[in-house]
Amino acid sequence: MTNVEKEPIEAVLFDWGGTLATWHTIDLYAVWRSVAELIDEARAEELAAKLVAAEESVWLRSRDEHVSSTLEEVCLLAEVAMTPAALAEYERQWHPHTELDPDAVRTLHQLRDRGLKLGVLSNTIWSRQRHEDIFARDGVLELFDGAVYTSEVPWTKPHPEAFLAAMHATGLTEPARCLFVGDRLFDDVWGAQNVGMRAVHIPHSAIPTNQIGHTEGVPDATIQRLSELPALVDTWNAA
């Protein structure tokens, strides 16, 4: 056991999609096709293809350069002007895919009851407000001490600065006292461990091949359900 592993866990930081939220495989073209119909019905197929290409390009950039993006940049790259009606349709299309994991609420409360700080670090093109609306809908917004959404910082996971920003958002200053929980071995596990955090992997997401990075981290632990997390933290902290 290393010195890092002997540090007590004081904060648990979570990925969102595929971790706190249930993993769904998305037909990105179908989402953008529905949106494009409200922008220019006659050019809907063309605009949808451009929007898909633009979004895929920013995720490839995230994978390779760890540079963040926004929904607005995706539209700019696609040369598409989002309208209020189209944005509402975009959010409607995504709504079913923002479902909270069934174990999330109980797990978060159990961790809070242990006196642990809780945080979120999500690679996302969505705004903070969009994520906070989702968390408020699910009754968990007030459980988090801090959150970093990459749409409002320069970096994405696995860039070290993204993890450090999330740590500071929860009020901590020592990575060794933080645990990161995520579904991606590159972005989440490898990234967190590179800054000195421990990492727990939840291995149920069907990560698109073009989003898998150059390295797979070896998690400090793998769990099958979020509900296993409090007991795991108890074991580490008791040790």
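User: Which residue lies over the face of Trp236, and at what distance from the ring centre?

Analyst: A charge sits over a ring if NZ of Lys or CZ of Arg is within 6 Å of the ring centre and within 35 degrees of the ring normal. Here Arg198 lies over the face of Trp236, 4.7 Å from the ring centre. The charged end of Arg130 sits over the ring of Trp126, at 5.2 Å from its centre. The model is predicted: local features need pLDDT of at least 70, side-chain atom pairs pLDDT 80 or more, while totals for chains, interfaces and linings use all residues. Residues are numbered from 1 along each chain as its sequence is written, and side-chain values use heavy atoms, without hydrogens and water.

User: How many aromatic pairs are there?

Analyst: Rings of Phe, Tyr and Trp (its six-membered ring) pair if their centres lie within 6.5 Å; planes under 30 degrees apart count as stacked, over 60 as edge-to-face and the rest as tilted. The count is eight aromatic pairs. Tyr90 and Trp94 have ring centres 6.5 Å apart and planes at 55 degrees, so this pair is tilted.

User: Are Tyr90 and Trp94 buried or exposed?

Analyst: Buried means under 20% relative accessible area, exposed over 50%, and partly exposed in between (1.4 Å probe, protein chains only). Tyr90 is buried at 3% relative accessibility, and Trp94 is buried at 15%.

User: What kind of aromatic pair do Trp94 and Trp126 form?

Analyst: Trp94 and Trp126 form an edge-to-face pair, 5.2 Å centre to centre with 85 degrees between the planes. Trp126 is buried too, with a relative accessible area of 7%.

User: Which residues form one aromatic cluster?

Analyst: Trp16, Trp32, Tyr90, Trp94 and Trp126 form one.
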